[in-house]
Amino acid sequence: MSPVKAIKTFRDLLSFFTIIPLGKTEDFVLTTAEYIYLFPVVGAFIGLLGAAYYYASRFLLSYLLGFVSLFVWTPSGFLLMLLPAVMTLAFLLVLSGLQHFDGLVDLGNAVGLGNLEERRAAAHKWTVSYKGAVLAIIVEFVGIVGLFFLDVGSAFGAIIVAEVAAKLAMVTIAVVGKPTHKGLGSIFLENAKRTRSLVAYVLAGLVAVLLLGLTGIGVILVSVTLGVLMGQVGKSVFGGVSGDVMGATNEVVRSAVLIFVAGVLLL
Amino acid sequence: MKVPALIMAGGKGKRMELAVEKPLLPFLGKPLIDWVVDAVKSARQVSGFYVVTSGNAPETEAKCLREGLRVIRTDGVGYHDDLVQAVLKAELLRPVLIVPCDLPALTGKFLDKVIDAFAESGKDALAVFVPIETREKLELSVSSTDEHKGVWYAVSGVNIINGARVRDEGKIDTAAIITEDVEVLLNINTQKDLAIAEKIMRKTC
């Protein structure tokens, strides 16, 4: 790949996953499908932005809370753990344009509805049921708890690796899953089933081990397991893997990895 | 049951106010007509297909010819007139599947379902409708509507008609499929439809 093409491809991938206004080619969605094996690279970049935001917010909050506690008592230690965690999760959701979060809500909306047609129709309505809201809140809450318990030093690696693992799980679900629809979804899934998808696992593994050591290997296992599991969930709810199911997988795996890393480090 | 298909790609697309012809309009980067041609090609019960063009869509016609597709040129008077003209020109005096070029979420599997329903109905025509409220709720435009058993629906443009009776349309007993399925729900008539449909396609397809 020429450097110009590489930059264009990366820009298209970022345009797909984030709201960053970089400009994009007309067929950026199809490009994203073609380069599905580079998802973890985009994940690393998004994770880096998330980590930067985490430290920036922590730094600013420490001054702000220090200043406030000159006048009134505040549980500043607690708030210094909680607020950056909430803000960083929120930042990542907003950065993605809430698209993956929306997939999680749609999955929750559809769970338990009568037949497959109804469940599929529920996914393209703009409404939110209490089930969708509850599922989404629980999943994001788990992520916040994970970030809350991470110490300042390990948050950097954890945030980046969580994002990488989330994108890797999207690759996994595309490798193992069947499309719900023979249109766009099958383009993603067919691309994922090529051998070059192994690149995604190598890259994600490298980043994970580099930043988290042995824990990184555990993270990759969590990502792969959840990717496969979410494939089953998608199959039973929507009859296969759709954009919503892939998005939901991103959210579930990010949260799971954050709590996993926090748990391993605490133990 | 196997039927031939006509892909209707000769409209002006005047509601879109486009610089390009509507069939060539990129949907997620791929021209609308390519999504539809792929769907028709993958339908097991479609024996073959023609693309119906007109003077309104010369570039679409040129593209189809370049790709070796069979093209029927009509006068481009309107969807229905062009359809009748194409059926007669190709001498398709038997059941024919009619597919518009503005349904990017269409699949071969869906078309097979339509053909099965037609075969079961035993009638000379079948139309696929979408409830008007479903499109309105998604803020999609509702332009063409038709009545079936006293209720008005949004027309998807997907029909099967017995070509032998194409001239007496209106008097033909018509079966209907009424569905919210994304395959026919995402009919692109306006720029806003396009944006909404791209979003839904990314989510649910």
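The structure is a predicted model, in which local features need pLDDT of at least 70 and side-chain atom pairs count only at pLDDT 80 or more, while totals for chains, interfaces and linings use all residues. Residues are numbered from 1 along each chain as its sequence is written, chains are lettered from A in the order in which they are written, and side-chain values use heavy atoms, with hydrogens and water left out.

**Interface**

- Contact, meaning heavy atoms within 4.5 Å, joins 25 residues of chain A to 21 residues of chain B.
- The two chains bury about 2000 Å² between them, 62% of it on carbon and sulfur atoms, where buried area is the accessible area (1.4 Å probe) lost when two parts are put together, summed over both.
- Of the area that chain A buries against chain B, 37% comes from H124(A), W126(A) and H181(A), more than from any other three residues.

**Salt bridges**

- Between chain A and chain B there are 4 salt bridges, each defined as a side-chain nitrogen of Lys or Arg within 4 Å of a carboxyl oxygen of Asp or Glu.
- One salt bridge pairs the side chains of K125(A) and E180(B), at 3.7 Å from N to O.

**Second largest pocket**

- A pocket is an open set of points on a 1 Å grid over the protein atoms alone, where a 1.4 Å probe fits, with protein on both sides within 12 Å along at least five of seven lines; lining residues have an atom within 4 Å of a point.
- The second largest pocket has a lining of 37 residues, and T180(A), H181(A), K182(A), T107(B) and E183(B) lie nearest its centre.
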